[in-house]
Every structure is written in structure tokens, then in C-alpha cells.
Amino acid sequence: METATRTDLDWVLAPLAGYTDVAFRRACRRHGCRTAYAPLIDACALVYGNRHNREILARGPDEGWLGVQLLGCDPAMMARAAALLREMAFDAIDINMGCPVGKVMRKGAGAALPRDAELALRCVEAVWRESRGRPVSVKMRVLVEEDSEPTVTFARRLEEAGVSALTIHGRTWKRVYTGPVAAGTIRAVREALRIPVVANGGIFSRADGLRLAQATGCQALMVARGAIGNPWIFRELVAGQVAPPSHEELCETLREHVEGMVALYGEGAALREGRKIILAYLCGRGYHRSLRASVSKVCALADFRELFVRIQADAPPAAPASYRSRPPLEVVGTAGGCRTPTPAPPPAPGAGREA
Ligand SMILES: Cc1cc2nc3c(=O)[nH]c(=O)nc-3n(C[C@H](O)[C@H](O)[C@H](O)COP(=O)(O)O)c2cc1C
């Protein structure tokens, strides 16, 4: 597969609840991310003023293109939320039609919304009407794994309702976040629609991204978990620079990220939320297991600073690019519906330090 010449692709940072706040995005943007989404926000929580909204919706003064995502299934509430978002500095409003969480789906929202196509379209129309010219997009999943037709039909209706872009995560809600990506269905939707279709699912490396681009024909590709603890994925995707970050780079980015969270949420909340972030930076990079074990004890900035000094002193042996390696992306539904075989993952070097 061609690897070096795709400079035409757009790499988009996905909405990730609990992650893609302004501190997370700053780290990604520093490494080449130009297009990003804030985490989803529940329409009711926005209308009734949940105390965390301000932090979730914070935008950096110098941030590039930023979308915001609404979750809900009541058109009137979605309209009220969209009217509030109109007053804020977002470049587009996305509607979540892919969240697989039980309590969300039981209410009829997230991945359950496409089951009631009429209601889904009324939500789109309500948000579209209140957005007053700001683009409205949808992020959804493939609806049926082995048959692209239901997804294409629903996507066509979204387009007719005025949606300006559509992101498709190539896994059904039942798959949650695992299993092959139905690239054939994403391709079928892209071919059926005139609006841009963004392909999502399983991009953890440039090779994965190029594979999904090739299998779907999409020019825009969305990265989600691949950016957690690894904002450098954007320089890999954008500039083809596949070398892992140096120890110094990692420390600097980690420190800035955590301090950015403290500025956003205050010390206690930031470090409660920040533990998973710290772990994600350290994970799979050869840092000593005792450091990772200490992360759970970080409650205050002083604890983080103490841990940070230990991290700085623990430069791991130079790790090859494949250090965080995972099995390559598996796609289905392309090349006449054949499943693309997955080669066995290479063993991770230096695993002893990690164990
Ligand atoms: C922790 C976590 C939080 C997520 N939050 C959101 C969200 O707020 N909105 C959304 O549309 N998708 C959300 N997703 C789904 C991702 O955006 C993405 O569609 C999914 O992870 C597949 O992409 P990936 O294989 O590159 O991770 C979330 C996924 C994870 C793992």
C-alpha cells in the first residue's frame, strides 16, 4: 500500500467524552491536528445548566476549527440547546447518533436514534433551524454489519434534511469499540451522498489511517482512541513522522496537559480525571510499572509534581515506533465483500519492563 503521497487527507479528532477538552486538544493541535470536536454534551444538561458545561465547552483562544456535539432525542430540547450553542464560538454542531451506552440508548438517544428515523430527522431539523446557518452534522454508526443498504438509506435522509457532513463509525452499536470496521458500508454511503463522509474506527497508526482511507475512499478520517495518551499520532498522520516522541517531549506534553486540566477544572477534579490521562501517556512506552502503579495515588498537584520528577528520571530505553503496536486495522466489506485477513501482531519489544 502507498504510504507517503496522501497529503490530501484530513485527520479529525473525534469527540471523546471525558477526554477531548481544551487541554487534550491543545496537545493534539500542537502536533498537527487542525479539526477537532469537543466531548458530547447532553441537550438537557446544557439547557438546565449542568455545572460542568463551562469546562466541557471551553475553547482555547487560538484554537482552530472546533465542532461541538449534542446528545438527545427530544427535538424541542435539541432546538433549545442548539440556540444556546449558537451564542458560543463553535464552527459546527454535530448530533450524536452513535453512543452505545445503555442508559443513553434506553432513552432513545445515541445509537438508538436512527431506529426511529422520523424522530432522528425531526431532531436534525430542529437543530438545523436553530443553528441559523452554522453547519449541522451527524455522527452515527453503521446500522447493520453485513448489509450496507439500511445505513445508506438513513444517510440519504439525513442529507435531504440538511446535514452538511456525516461521520460513520464502521461498527454497529453491539460491537461497541471492537471488531472489524465495515469499510464497505462507509464507502457505499460516501458514494451515495454528495456531502462529505468522514470515516471512523480503528485508526491507531498512519498505516491504519491510510488503510481506512483506501478502503472507504473517504478524504476525511476521524481518530478517537488512537489519540488518547498519544497526541503525536497527528504528526504521524499529517506529516508521516512515525518516530515515537522522545522522553523529553513526552514529559513536556504530559506536564502541559495536566497543568491545562488543573487550570480548567481546579486541582481536585483535574487530578481525579487526570489519572487516566497520565496512565495513557505512560502506557506501552517502557516506563517502569512502579510509576504506573503510583498514578492511582495522585490526588493533588503536589502528588503529580512528585510523580513527574520520578517520570523524568525514568527515561526508558529508546523505543522503536512499534512499541505501542496493536494488530493492524481490520476492515470488512471491501473488495467484493471479502474479509481482509489480519496478520498476527508483532511482539512488543521491551515488554518485560511493562509487565
Ligand atoms: C472514552 C470514549 C468516549 C467517547 N465519547 C464519544 C462522544 O462524546 N461522542 C461520540 O460521538 N463518540 C464518542 N466516542 C466514540 C469515538 O468518537 C469513536 O467513534 C470510537 O471510539 C471509534 O473510533 P476509534 O476506533 O478510532 O476509537 C467515545 C469513545 C470512547 C472510547
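Residue I233 belongs to helix α10, which covers residues 233-239. The structure described here is a predicted model. Its chain is divided into domain 1 (10-239) and domain 2 (247-312).

- Apart from its neighbours within four places in sequence, I233 is in contact with V223, G226 and A227.
- I233 and A243 stand 10 residues apart in sequence, and their C-alpha atoms are 9.8 Å apart in space.

**The two domains**

- The C-alpha centres of domain 1 and domain 2 are 28 Å apart.
- Contact between the domains involves 12 residues of domain 1 and 11 residues of domain 2.
- On the side of domain 1 that touches domain 2, helix α1 (residues 22-30) gives the most, with 5 residues.
- The residues on that side of domain 1 comprise 7 nonpolar, 2 polar and 3 charged.

**The largest nonpolar core**

- In soluble globular proteins, nonpolar side chains tend to be buried together.
- The largest nonpolar core of this model has 105 residues, of which L70, V124, V127, L212, L221 and V223 touch the most other members.
- Helix α6 (residues 117-131) gives the most to this core, contributing 7 residues.
- The core lies between domain 1 (10-239) and domain 2 (247-312), because both domains give residues to it.
- With residues up to four places away in sequence left out, L221 touches L9, W11, V12, V198, A199, I203, G209, L212 and A213.
- V223, one of the core residues that touch the most other members, is also among the contacts of I233.

**Helix α12**

- Helix α12 covers residues 267-282, a run of 16 residues.
- From its first C-alpha to its last, α12 reaches 21 Å, close to the 22 Å expected at 1.5 Å a residue.
- A kink of about 40° occurs in α12 and is centred on G274.
- The buried residues in α12 are A270, L271, G274, I277, I278, Y281 and L282.
- An α-helix has 3.6 residues a turn, so residues three or four places apart point the same way.
- The partners against which the buried residues of α12 pack are α11 (247-265), α13 (289-295) and α14 (301-312).
- Just after α12, G284 adopts a positive phi of about 75°.

**L71 in strand β3**

- L71 is located in strand β3, which spans residues 65-71.
- L71 has 28 C-beta neighbours inside 10 Å and therefore counts as buried.
- Leaving out residues up to four places away in sequence, L71 touches L40, I41, D42, A43, N96, C99, V104, A109 and G110.
- Although L71 and M97 are 26 residues apart along the chain, a distance of 7.8 Å separates their C-alpha atoms.

- G201 is in the loop between β7 (197-200) and α9 (206-216).
- When neighbours within four places in sequence are set aside, the contacts of G201 are H169, G170, R171 and V181.
- G201 and D91 are 110 residues apart in sequence and 23 Å apart in space, from C-alpha to C-alpha.

- Most residues other than glycine have a negative phi, and most peptide bonds are trans.
- R132 has a phi near 45°, a positive value in a residue other than glycine.
- R132 is placed in the loop between α6 and β5 (136-141).
- R132 counts as exposed because it has 9 C-beta neighbours inside 10 Å, and a count of 12 or fewer gives that label.
- V176, likewise a residue other than glycine, has a positive phi near 55°.
- V176 lies in the loop between β6 (165-169) and α8 (183-192).
- With 12 C-beta neighbours inside 10 Å, V176 therefore counts as exposed.

Technical notes:
Residues are numbered from 1 along each chain as its sequence is written. This is a predicted model: local features need pLDDT of at least 70, side-chain atom pairs count only at pLDDT 80 or more; totals for chains, interfaces and linings use all residues. Helices (H or I, at least four residues) and strands (E, at least two) are DSSP runs, numbered from the N terminus. The expected span of a helix is 1.5 Å times one less than its number of residues. The bend at a residue is the angle between axes fitted to the seven residues ending there and the seven starting there. A residue is buried if 20 or more other C-beta atoms lie within 10 Å of its own, exposed if 12 or fewer, and partly exposed in between; C-beta atoms are placed from the backbone. Two residues are in contact if their C-beta atoms, placed from the backbone, lie within 7 Å. A nonpolar core is a set of buried Ala, Val, Leu, Ile, Met, Phe, Trp, Tyr and Cys residues joined through C-beta atoms within 7 Å. Domain bounds come from an automatic or database domain assignment. Ala, Val, Leu, Ile, Met, Phe, Trp, Tyr, Cys and Pro count as nonpolar, Asp, Glu, Lys and Arg as charged, and the others, Gly among them, as polar.
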